[in-house]
Amino acid sequence: MMTNQEVTALYIKFIHGQCTQAEIDVLLSVLIEEQYRDAFPEYKQIAPFISKKDVLTTDASDRIFAAIVETEIPAQPVADPRFRPGRWWAVAASLLMLSGIYYLFTVQQIPKSIKTVYRASDEKKIYQLPDGTAVTLDKGSELEVSNHFGIDSIREVWIKGDGYFSVAHNKKKPFIVHTLAGMNVKVLGTEFNVSAWKDKAYVVLNKGSVEVNTADQRLRLQPGERALFSSLEQRMEKKSVDTVFYNAWKNNLLAFDNDALKDVVRKIARQYSCSIEIADTNLSRMTFTGYIPRNDLDLALNTLGKSLNCTVELIDGKYIIEPNQLN
């Protein structure tokens, strides 16, 4: 670990164009470390080293800053092209220009909308990303991967639906999973399950450790823990869970834990793209706990029928669930 004095010394060497490429890489890596922010001097202390033609616009510096802190800042019109003094990250942006590695800015300039999209429209699929990370997507899920994945200082993906990640370890390039609900997962290399929809997202950790964050909340998970975030309540909570239950879909099983029968039926109908109706009000109030096959409809319905002591019949293209008749 570098001291602040070492970072400052390397920074001054950087300004004078005396760094090797290895030293440049080290300095860039510490830009994202919170503990080193005080090691960078104020703008007024380096102003004599920066010529006017080399100064980035505020919009440009904001875009580089967004890359460094893993957030996305929209472009804003600016009247003054000079840096706003006193911000350590403005100094960092000028460093990028002065060192001749302006490529970082040009990479981030490319719209984030340019991504590779992986989809599992009709069935579960397994994809391997360029860094060796394996992602299993559940049916109806999709994953977007930046076309600069592996080039930027972070590896970013965006998920909608359910996915299981086995992330290739790279301590220099954190792996970030963004969700629609606003919860993000940051890892170096580990295995975890993510479910991400518009109003809710959760992550269940199997191996290693991950950091889960929202706009104003941050948690660190250990194996066997789940972080659940509701975008409506803007609240994130952590608890210990059974990872086998949450990973059941990977083994072609639908998992239920004291779920109302109407919710169980809805999930089965969605999985098999069929119509199912509960014909009895009392049945609707029943709950089900257990596992049901995802790849065999007849077996799934038979399992449900035997568990709840009911019958399932196909009538006019619709499956009807009724209680067994007493003898």
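**Note on a predicted model: rings, cores and confidence**

1. The charged end of Lys-267 sits over the ring of Phe-256, 5.5 Å from its centre. The criterion is NZ of Lys or CZ of Arg within 6 Å of the ring centre and within 35 degrees of the ring normal. Lys-115 places its charged end over the ring of Trp-158, 4.6 Å from the centre.

2. Ground rules. This is a predicted model, where local features need pLDDT of at least 70, side-chain atom pairs count only at pLDDT 80 or more, and totals for chains, interfaces and linings use all residues. Numbering runs from 1 along each chain as its sequence is written, and side-chain values use heavy atoms, with hydrogens and water left out.

3. Confidence. pLDDT is the predictor's confidence in each residue, from 0 to 100. The protein chain has a mean pLDDT of 77, and 68% of its residues reach 70 or more. Values stay under 50 over residues 49-90, yet the model has 76 contacts beyond four places in sequence there; a contact means heavy atoms within 4.5 Å. Residues 93-112 also stay under 50, with 42 such contacts.

4. Elements. The secondary structure comes to ten helices and 18 strands. These are DSSP runs numbered from the N terminus: helices are H or I of at least four residues, strands E of at least two. Helix α6 (residues 103-109) has the lowest mean pLDDT among the elements, 35. Strand β3 (residues 134-137) has the highest, 96.

5. Burial and range. Of the 327 residues in the protein chain, 43% are buried. Buried means under 20% relative accessible area, exposed over 50%, partly exposed in between (1.4 Å probe, protein chains only). Among contacts with a separation of 6 or more, 48% join residues 24 or more positions apart.

6. Aromatic pairs. The whole structure holds eight. Rings of Phe, Tyr and Trp (its six-membered ring) pair if their centres lie within 6.5 Å; planes under 30 degrees apart count as stacked, over 60 as edge-to-face and the rest as tilted. Phe-149 and Phe-175 have ring centres 5.9 Å apart and planes at 80°, so they are edge-to-face. Phe-149 lies in the loop between β4 (141-146) and β5 (155-166), and Phe-175 in strand β6 (residues 175-179), 26 residues apart. Both Phe-149 and Phe-175 are buried.

7. A further edge-to-face pair is Phe-256 with Phe-288, at 5.8 Å centre to centre and 65° between the planes. Phe-256 belongs to strand β14 (residues 253-260) and Phe-288 to strand β16 (residues 287-293), 32 residues apart. Phe-256 is buried at 3% relative accessible area; Phe-288 is buried at 4%.

8. Cores. A nonpolar core is a set of buried Ala, Val, Leu, Ile, Met, Phe, Trp, Tyr and Cys residues joined through side-chain atoms within 4.5 Å. The largest has 31 residues; those with the most contacts inside it include Leu-129, Phe-165, Phe-175 and Phe-192. Apart from it lies another core of 21 residues, among them Ile-278, Phe-288, Leu-304 and Ile-321. Ring pairs link Phe-149, Phe-165, Phe-175 and Phe-192 into a cluster. Leu-129 touches residues including Phe-149 and Phe-175.

9. Backbone. Most residues other than glycine have a negative phi. Ser-273 has a positive phi near 50°, in the loop between α8 (261-272) and β15 (276-278). Asp-316 has a positive phi of about 55°, in the loop between β17 (310-315) and β18 (318-323). Ser-273 counts as exposed at 61% relative accessibility, and Asp-316 at 80%.
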